[in-house]
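Please open the model in a viewer and keep the selection panel at hand. The stops below are meant to be followed in order.

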Amino acid sequence: MDTRVSLKRILCWTDKLLSYRLALMITFFLFLVVGLLALTPLAKALLKPLATNWADHFLAFACISFFIPTVKPKYALRVAACCLVYGGAIEVLQPFVHRHADWSDFLADSLGIIFGVSSGLIFYLMRKDSVS
């Protein structure tokens, strides 16, 4: 019972903290960071020891697609579509910046988007239930 109460408190607190404007700012910041890392040849050399490519793509796009659906669930499909286009554009542009396009990365992006949007919607529903 204590766990339920503390979870309810956390969800109510995040309801006050996480606004649509903040979710947009976080999302656009993550878009910029992912774009810079994906399209900078130097980033590949710096991050190579850390990189497990599939996990990087999955996590990056899960994070990008998570925040907006937590506050505006009606935008979930738009967020998913924008993220898919962005992931595809990155793969198309990579050969022009001396990186290679790998369509399995796009698959990892897509799975990350599905996970991020789904998690965001679940988080929204949990917050909605805790407030009411």
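How many residues does helix α5 have, and how far does it reach from its first C-alpha to its last? Select residues 76–93 of this predicted model. Helix α5 has 18 residues and reaches 26 Å between those two C-alpha atoms, close to the 26 Å expected at 1.5 Å a residue.

Display the side chains of Ala-76, Val-79, Ala-80, Cys-83, Gly-87, Gly-88, Ile-90 and Glu-91, which are buried in α5. Then turn the view to look down the axis of α5: the buried residues fall within an arc of 165°, so they line one face of the helix. On the face turned away from that buried side, select Leu-77, Arg-78 and Val-85, which are exposed.

**The whole protein**

Zoom out and colour by secondary structure. The protein contains 6 helices and 0 strands, and from the N terminus on its elements run α-α-α-α-α-α. Of its 132 residues, 31% count as buried.

**Helix α4**

Next, select residues 53–71, which form helix α4.

Centre on Thr-70. Is Thr-70 buried or exposed? Thr-70 counts as buried because its relative accessibility is 0%, and buried means under 20%. A polar atom of the Thr-70 side chain lies 2.4 Å from the backbone oxygen of Phe-67; a distance line between these two atoms will show the pair.

Which side chain does His-57 join through a polar contact? Show Asp-109: the side chains of His-57 and Asp-109 are joined by a polar contact of 2.9 Å.

Which helix supplies the largest share of the patch? That share, 3 residues, comes from helix α6, residues 103–131.

Because its relative accessibility is 43%, Leu-107 counts as partly exposed, the class between buried, under 20%, and exposed, over 50%.

Key:
Residues are numbered from 1 along each chain as its sequence is written. This is a predicted model: local features need pLDDT of at least 70, side-chain atom pairs count only at pLDDT 80 or more; totals for chains, interfaces and linings use all residues. Side-chain values use heavy atoms; hydrogens and water are left out. Helices (H or I, at least four residues) and strands (E, at least two) are DSSP runs, numbered from the N terminus. Buried means under 20% relative accessible area, exposed over 50%, partly exposed in between (1.4 Å probe, protein chains only). A polar contact is a pair of N or O atoms within 3.5 Å; within protein, one must be able to donate a hydrogen and the other to accept it, and residues adjacent in sequence count only if both atoms are side-chain atoms. The expected span of a helix is 1.5 Å times one less than its number of residues. The arc is that of the directions from the helix axis to the C-beta atoms.
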